[in-house]
Amino acid sequence: MPRPALEIALTANELFSPFEICQSQARRAKELAEKLQNQKVTISVIGQFKRGKSTLVNAILEDDILPVGIVPVTAAVTEIRYGEKAADVLFNNGVVKPVEFKDLHEYINEQENPKNVLGVSSVTMYAPSPFLEDGITFVDTPGVGSVHQNNTDAAYAFVKESDGVIFMLSVDSPINQIEIDFLKNAKEYASKFYFAVNKVDVISEEDLKAYMEYCKNLLKDIMEVEDVTIFPVSARTGYGIKELKDTITYDTKHSIKEILESSVKMKLVDLMDDAMKQIKLYRNALSMPIEDLDQGFKKINEAIDLAGEKTREKVLEHQAKREELLKGLEEEIEPFKTMAPEMVGEIYRKYAISLKAYSFIRAGELEAFVNETKNGISKEVSDLFGIDYRYDISKLDYMKQNMTMALDGDDLDFEKLLDETMAKLDSQVTDEIKGLCDELRDTLNAIFMYREENAFIVIRRIEDLNKLVRHLRSLRVKI
């Protein structure tokens, strides 16, 4: 009898947790368990570029919140959730930036952010649409098949997060191999599909009937099912949108448990396969000649040294800021020392408030620097040793946080406050980066048993991994 997805996800998390090389899989298993417990469903709109995905999203939400255009526009995954109108841009370094709707195009338009040079990870929008009210996360994805490979990569990556998919087709183009390949990939992760044929307002009823029949037969073969439902729509005029929307709303209200159960099991299968591939890569790395391993560790240490140099640069910036503030303060209070000494206290207070603002913003910048260092280390380990070594990248929404400007009586000792603030910022970045680098060295030494002379320890580690693989294969069969 198949085991419930929640039980499998929790078991997988327990299996992965003791192994350093499986920490990303452990986190993912935990996320899938939480997804089942929260009963939140993700519906993604996917398909080839210029099929009208963004226009369809706007039509379903009854609000023109996404930019559309004659050239490929969507260059980043855009998640839309229920709430008061707002938008946040998440960058690869973890920084979350609130953005006005009217300015979103600067981040998700391929022409304005070519090849994602701004480092946008995703966009989260909030809209008070009834369609989203019961917890649906609605997602507009970049189109596949354009000349912009980064868009295709982003779409393929996010399809793994989808529980349900609106797959967009269009009457102005037959289903092509790009769409077939993408659809075959998507059906490995999502349990519910809604096929929408767009732009039906531009052809005759007779031609539409023929095209729908052609699509239906082809989609049945691709999906390996006896029948599929296709929704003829015009995102531009609104034709057919209500039927599509009502169907999705009904399913997410009455079948959400079944949708999530099936979807999470698909994702768990992929997760276990990914873990077994990772273990295979690790085994290969263990058999690397000692000369190659030495060279890999040498390059990792060079990357660690570079991180240390960049950290020292941050500390030097704090020293320069300290001198700048002291010099500015001295120049400003000098005229008042004899003429209006009562003003000196107010100037000190102004500089203290300015310092607190600087400290607040700088702390966020330093966290972003740490995240960037994490991303760089992850890539270095992957390139050198062929294993997936990832860190959690914390979201930094400090721009939304309220900053208090209240001052204590002691704050008027500005130089003392300045030294304490800079020391705290120095400690923040140096301690975090040092901890990061020390952890990396220790973890890699443990993973690779670097220059381990005790054969028993090496044999025991390999046997533990073999047991993990056996457990995963057994668990996979029960899905």
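A: We start with how helix packing is read. Axes are lines fitted to C-alpha atoms, for helices over the stretch in contact, and angles run from 0 to 180 degrees between N-to-C directions. Keep in mind that this is a predicted model.

Q: At what angle do helix α3 and α8 pack, and how far apart are their axes?

A: Two packed helices are described by the angle between their axes and the distance between the axes. Here, α3 (residues 53-61) and α8 pack at about 75°. Their axes are 10 Å apart. Angles of 65 to 115 degrees count as roughly perpendicular. The helices α3 and α8 are therefore roughly perpendicular to each other.

Q: Which residues of α3 and α8 meet?

A: From α3 come Leu56, Ala59 and Ile60. From α8 come Ile241, Leu244 and Lys245. Sorted by class, the contact of α3 with α8 has 5 nonpolar residues, no polar ones and 1 charged.

Q: Now the sheet. What is the order of its strands?

A: Strands of a sheet pair through backbone hydrogen bonds, either parallel or antiparallel. This open sheet has 9 strands, in the order β4-β3-β5-β2-β6-β1-β7-β8-β9. The pairing is mixed. The edge strands are β4 (96-98) and β9 (230-232), and each of them pairs on one side only. From one strand to the next, the twist averages 25°.

Q: Which helices pack on the sheet?

A: Helix α7 (residues 205-223) is one of them, touching β7 (164-170), β8 (192-198) and β9. The direction of α7 makes about 155° with that of β9. Helix α8 (residues 241-254) also packs on the sheet, touching β1 (42-47), β7, β8 and β9. The direction of α8 makes about 175° with that of β8.

Q: How many bridges join β1 to β6, and are the two parallel or antiparallel?

A: There are 4 bridges between β1 and β6, and the two strands run parallel. In this region, Ser44 stands opposite Val139 in β6. Now take β2 (residues 78-82). Strand β2 pairs with β6 in the antiparallel sense, over 3 bridges. Ile80 stands opposite Phe138 in β6.

Q: Are the side chains on the two faces of β6 buried or exposed?

A: In a regular strand the side chains alternate between the two faces of the sheet. Strand β6 (residues 137-140) has Thr137 and Val139 on one side. Phe138 and Asp140 are on the other. All of these are buried, and both faces are covered.

Q: Next, the aromatic rings. How many aromatic pairs does a search of the whole structure find?

A: The search finds 6 aromatic pairs. A pair of aromatic rings is described by the distance of the centres and the angle of the planes. Take Phe91 and Tyr107: their ring centres are 6.1 Å apart and their planes are at 75°, so the pair is edge-to-face. Phe91 lies in strand β3 and Tyr107 in helix α4 (residues 105-108), so the pair ties together parts that are 16 residues apart in sequence. Phe91 is buried, with a relative accessible area of 15%. Tyr107 is buried as well, at 9%.

Q: Why is the pair of Phe167 and Phe195 edge-to-face?

A: Planes over 60 degrees apart count as edge-to-face. The planes of Phe167 and Phe195 are at 65°, with the ring centres 6.3 Å apart, so this pair is edge-to-face. Phe167 is in strand β7 and Phe195 in strand β8, 28 residues apart. Phe167 counts as buried at 1% relative accessibility, and Phe195 counts as buried at 3%. Ring pairs link Phe167, Phe193 and Phe195 into a cluster.

Q: Which residues is Leu183 in contact with, leaving aside its neighbours within four places in sequence?

A: Leu183 is found in helix α6 (residues 177-186). Its contacts are Phe167, Phe193, Phe195, Leu219, Ile222 and Met223. Leu183 counts as buried, at 1% relative accessibility.

Q: Last, the whole chain. How many helices and strands does it have?

A: The protein chain has 14 helices and 9 strands. Buried residues make up 47% of its 479 residues. Along its principal axes, the C-alpha trace spans about 90 × 65 × 40 Å.

Conventions: Residues numbered from 1 in each chain as written. Predicted model: local features only at pLDDT ≥ 70, side-chain atom pairs only at ≥ 80, totals over all residues. Heavy atoms only, no water. Pairing = 2+ DSSP bridges. Contact = heavy atoms within 4.5 Å. Parallel < 35°, antiparallel > 145°, perpendicular 65-115°, else oblique. Nonpolar A, V, L, I, M, F, W, Y, C, P; charged D, E, K, R; others polar. Phe/Tyr/Trp six-rings, centres within 6.5 Å; stacked < 30°, edge-to-face > 60°. Buried < 20%, exposed > 50% of the residue type's maximum accessible area, 1.4 Å probe, protein only.
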